[in-house]
Amino acid sequence: MVDASGIGTLGIALGAAISLMAGALATAWAQSTIGAAAMGWMAEKDGKEGQVLLYLALPETMVILGFVVAFLILQTKA
Amino acid sequence: MSTCIRVRGAWYGGWCWHKVVARLEAMGNALNKQLGRDLVIEKVETREDMRIMLNNPPLIRRFEFLVRFFSLPSASEYDPTLFIAITFPVIFGMILGDIGYGVLAMLLAILIYRGAKEGFYRSLAGMMLLSGFMTVVWGYIFGEFLGSDMMLGIKLHPYIERGGAGVVMLMAAALIVGMIHLGAGLVIGFYTNLKHGHKEHAIAKACWLLVEIGFVLVGLTLFAPGIFGSGLVAAGVVVLGILGLIKYEGARGVVEIPGLISNMLSYLRIMALGLSGVILAKLVNIIPVGAALDSLMHSVTAGNPVGIILNIIPLVIFAVVFALGHAVALGLGLFESGIQSLRLHYVEFFSKFYHGGGAAFVPLRGKQD
């Protein structure tokens, strides 16, 4: 016997989780590539540590927006 | 300004701050009389290939590091240091938003200032001091002290409750801050273009401002019709702005409209990061330091030695983990708030009026501070 409201709650929970997961995976992928390239750049040029930090932080947008979407999904009533 | 000094058949050219040219000329004339030689000083005023030197009052000067990090202003731009000095602490404080962390940040700033003589650390200390102060202000608005709403016995009253019901208000506040920030950037871009005679670019910036205001009005009509409900006026403003963009910037301008929407939504990170910081602090607050202290006091008043020892061990462990937890939360908060606020300035704010690309003025001699 399937409880209809249970399915709704499951849907909301899964939706929020998938949203956050996709955002986190996207950010991880982007930052890994940026990090590898940034290490090469740092090895060739001197004094670029601060700039590297800034570039590494740029893809945070994706996980933040994923969190916002997950949060909005969690706000709905089943 | 460029000053040429011709010495013994050779000549030297260089850049010099216009405020010291008179002194330089006086020095040259005095040298002339002394040496009895032919010393010619020629003053050339040119805007080509200018060198850039930033000149700001002491507290604002701390933020020059952020401008240099991005790029010095080119010859036809305003120095954005003053604007960053105002808005960076505001956005930083809004993300961190905690009285306790703000006070700790200010204390840290004072320690760094005392401990370091080098230029970068002094700048960092100055920035952290202002940012910490704004964090305390926002912490008062959010009613948070180290994550909880009890500050050493005083119950704080939140105007926007971050941990619970006020999150939607926080989202709205973040978007409002974003719109003001972007609007200010566009206005600065408008004035910059106007001052340098690029009338078309100035009008294009004004059209962007119209588009932004139009989007704000549309958003209000859709989500808060109580404040502004006239969909027709909102749509009219947006269409007017878009028409202006087509005329003054062409198709390229219109294609960048989704970019403006993305910029406005980017400010939601203030809400997201703030929320995650609050959740982290609340997690650390679960550690029952108060309860352990209470049971220790009970054992002390009851005079029970075994009880005292049995209560001191967990108290110490709890206190250490509590302190470490809040230290980690503070460190993460400082780092993330700083970087994300900086990113909001570099990408969203600067793209509206600032392109940089200036070459630095490196003095041969001068006062270093």
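Predicted model: local features only at pLDDT ≥ 70, side-chain atom pairs only at ≥ 80, totals over all residues.
Trainee: Why is the pair of F69(B) and Y346(B) called stacked?

Mentor: Their ring centres are 6.4 Å apart and their planes stand at 25°. Centres within 6.5 Å make a pair, and planes under 30 degrees apart count as stacked, so this pair is stacked.

Trainee: What makes this pair a tie between parts of chain B?

Mentor: F69(B) sits in helix α3 (residues 64-70) and Y346(B) in helix α13 (residues 305-349), so the pair joins parts 277 residues apart in sequence. Both rings also belong to a cluster linked by ring pairs, with F65(B), F70(B) and F349(B) among its other members.

Trainee: How do you know whether Y346(B) is buried or exposed?

Mentor: Its relative accessible area is 6%. Buried means under 20%, so Y346(B) is buried.

Trainee: Why is the pair of Y140(B) and Y159(B) called tilted?

Mentor: The centres of these rings lie 6.0 Å apart, with the planes at 55°. Stacked needs under 30 degrees and edge-to-face over 60, so the pair of Y140(B) and Y159(B) is tilted.

Trainee: And why does Y140(B) count as partly exposed?

Mentor: Its relative accessibility is 47%.

Trainee: Turning to the interface, what do chain A and chain B bury between them?

Mentor: About 1400 Å², 83% of it on carbon and sulfur atoms. On the side of chain A that touches chain B, α3(A) gives the largest share, 8 residues.

Note on methods
Residues numbered from 1 in each chain as written. Chains lettered and ligands numbered in written order. Heavy atoms only, no water. Buried area = accessible area lost by both parts, 1.4 Å probe. Helix = DSSP H or I, 4+ residues; strand = E, 2+ residues; numbered from the N terminus. Buried < 20%, exposed > 50% of the residue type's maximum accessible area, 1.4 Å probe, protein only.
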